[in-house]
Amino acid sequence: MHIDVTSTKCSGCSGCFAVCPKKAISMEKDKEGFLIPMVDRRKCVECGACVRICPAKQEQKVKENICYSYAAKLDDKYNDIRKNSASGGVFPALAKYALEIREGYVCGCVLDNMLPKHIISQCWDDVEKMQDSKYVQSDMQSCIKDIGNLLHKGKFVLFVGTSCQVAGLEEYLDIANISKANLLTVDFFCHGVPSPMIWDEYIDFYKNKKKRTPVNYRFRSKEYGWGMASRGSNHLGSVVFGKQVNRRDNFSWAARMWRSIFFSNLCIRQYCHQCPYASAQKPSDMTIGDFWGIEDICPDFDDGKGCSVMIIRSSKAKCILKQTPWLVTKDVTLEEAVKKQGNAFAPSIRNERRDAFWNDYYKNGFEYVANKYFQYDGVHRMKALIKRILFALKIRNIY
Ligand SMILES: Cc1cc2nc3c(=O)[nH]c(=O)nc-3n(C[C@H](O)[C@H](O)[C@H](O)COP(=O)(O)OP(=O)(O)OC[C@H]3O[C@@H](n4cnc5c(N)ncnc54)[C@H](O)[C@@H]3O)c2cc1C
Ligand code: SF4
Ligand code: SF4
């Protein structure tokens with residue numbers, strides 16, 4: 001018996017790919033561009049390891065019976081670092097601990113040639129590339145196995161990814177009988193992951209329309225702050241083009257459209273619509289996210305520069321927290337922590353036009369769906385530009 005799944009039943013965590021002793025599994029794109037395992041039957045010996053490891057086929061495991069919740073942010077001394085993070089900068093705070101105190105490794109998601117991938121590194125430059133939420137599914141590549149090898153050698157590893165990626169990693173280590181004592185796993189409240197194929201199409205579309213080649217993308221720019229003042233606005237996407245001129249495209253709708261694509265739920269992995277981790281109970285040592293509502297719960301703690309919610313559910317994570325004095329925390333109740341986290345209660349809802357979207361895309365291409373579903377038509381573009389200008393002139397506070 002071997003694994004046989006579609007992206008409706010599989011999260012793409014790549015645990016089965018890592019565990020196969022015969023290297024019979026490769027992760028291949030399905031028709032929506034999501035990676036799923038494909039088994040080479042000539043190599044497969046039907047050992048069943050891929051089925052046993054699969055977190056999508058099991059009950060979720062409970063870590064320890066502890067739960068501490070906090071509001072958290074990097075100390076003001078590190079504002080230069082926090083400004084590049086999506087929220088309070090818990091991730092770089094933990095990366096600093098991993099690299100400086102434990103001389104270990106950090107595994108997180110970077111944009112490599114504009115495609116989101118997990119890499120493992122000991123270098124702060126890479127930590128900077130890992131900062132910011134890439135709202136596209138990340139390719140885990142060989143990270144699960146590589147982390148196993150590092151842990152086996154007694155190295156410390158910080159892993160940050162989606163809950164399903166954490167579940168795949170933890171299952172692999174259990175099956176391979178590798179100690180997790182030197183591993184800290186961190187996941188986040190997760191809206192779901194959009195298709196890398198649609199992302200790729202979007203970048204090509206931008207290149208063709210603007211005759212510019214983006215070299216980076218800020219999904220969560222804090223150029224105008226973070227929180228109530230800016231979360232409703234659209235400056236998530238600044239396409240940086242031409243390193244040498246270092247200009248940013250904050251104005252065109254083409255540059256800012258990804259946020260609409262992400263939140264439309266038209267091209268999120270089907271599995272995410274039944275995500276088993278859409279609760280406060282998750283497979284990681286620690287869960288982070290944006291602390292939406294912090295301005296009401298702890299107004300003194302909110303400085304508009306980014307605040308994270310942080311939930312700790314292992315004594316290992318609690319102990320590490322004591323060794324990160326550069327992370328400022330405030331105790332909150334679990335109820336306060338998750339109050340505005342829609343995905344702590346239920347998975348993101350499938351858009352009823354999802355099938356129509358994909359049919360339209362296959363038949364007519366990306367530009368057609370950009371017009372029909374993502375307001376790329378002339379009228380909407382003009383409206384978006386006017387709103388953007390009024391926002392830049394401070395006449396509107398959100399747009
Ligand atoms: C697809 C996605 C959906 C999210 N949905 C929500 C949500 O509904 N509610 C909420 O509160 N927060 C959500 N987040 C998390 C939030 O955006 C912040 O990442 C989180 O608050 C951590 O902030 P930070 O300042 O500590 O991290 P940062 O310093 O910004 O670091 C971001 C971390 O996330 C990792 N990461 C980035 N992109 C990906 C990716 N595509 N796949 C796996 N790991 C990635 C990086 O490796 C890095 O470790 C989501 C993030 C992603 C990537
Ligand atoms: S182990 Fe992960 S990648 Fe493999 S089938 Fe299960 S969910 Fe999919
Ligand atoms: S919504 Fe759930 S299944 Fe989808 S990427 Fe996030 S954690 Fe994984």
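Author: The expected span of a helix is 1.5 Å times one less than its number of residues, and helices (H or I, at least four residues) and strands (E, at least two) are DSSP runs numbered from the N terminus. The model is predicted, so that local features need pLDDT of at least 70 and side-chain atom pairs count only at pLDDT 80 or more, whereas totals for chains, interfaces and linings use all residues. Residues are numbered from 1 along each chain as its sequence is written, while chains are lettered from A and ligands numbered from 1 in the order in which they are written.

The helix to look at is H8, which runs over residues 196–210 and has 15 residues. From its first C-alpha to its last, H8 reaches 21 Å, close to the 21 Å expected at 1.5 Å a residue. Pro 196, Ile 198, Trp 199, Tyr 202 and Tyr 206 of H8 are buried (20 or more other C-beta atoms within 10 Å of the residue's own, the C-beta atoms being placed from the backbone; 12 or fewer is exposed, and anything in between partly exposed). After H8 comes Lys 211, with a positive phi near 55°.

Lys 23, which is not a glycine, has a positive phi of about 50°, and its place is the loop between helix H1 (15–19) and strand E1 (25–29), where Lys 23 is exposed, with 9 other C-beta atoms within 10 Å. Asp 132, again not a glycine, has a positive phi of about 85° and lies in the loop between helix H5 (124–130) and helix H6 (143–152), yet Asp 132 counts as buried, having 22 C-beta neighbours inside 10 Å.

Leaving aside neighbours within four places in sequence, Leu 94 is in contact (C-beta atoms, placed from the backbone, within 7 Å) with Leu 158, Leu 184, Val 186 and Thr 324.

H4 also takes part in the shell around ligand 1, to which H4, strand E4 (105–112) and strand E11 (286–290) each supply at least two residues. Of the 33 residues around ligand 1 (C-beta atom, placed from the backbone, within 6 Å of the molecule), Ser 85, Gly 108, Ser 133, Val 160 and Gly 289 come nearest. Around ligand 2 there are 15 residues, of which Cys 10, Cys 13, Gly 15, Cys 16 and Cys 54 come nearest. The residues that surround ligand 3 include Ser 11, Cys 164, Cys 190, Arg 269, Cys 272 and Cys 275.

Finally, Leu 390 is found in helix H16 (residues 378–392) and counts as partly exposed, with 13 C-beta neighbours inside 10 Å. Leu 390 and Ala 344 are 46 residues apart in sequence and 35 Å apart in space, C-alpha to C-alpha.

Methods: Contact = placed C-beta atoms within 7 Å.
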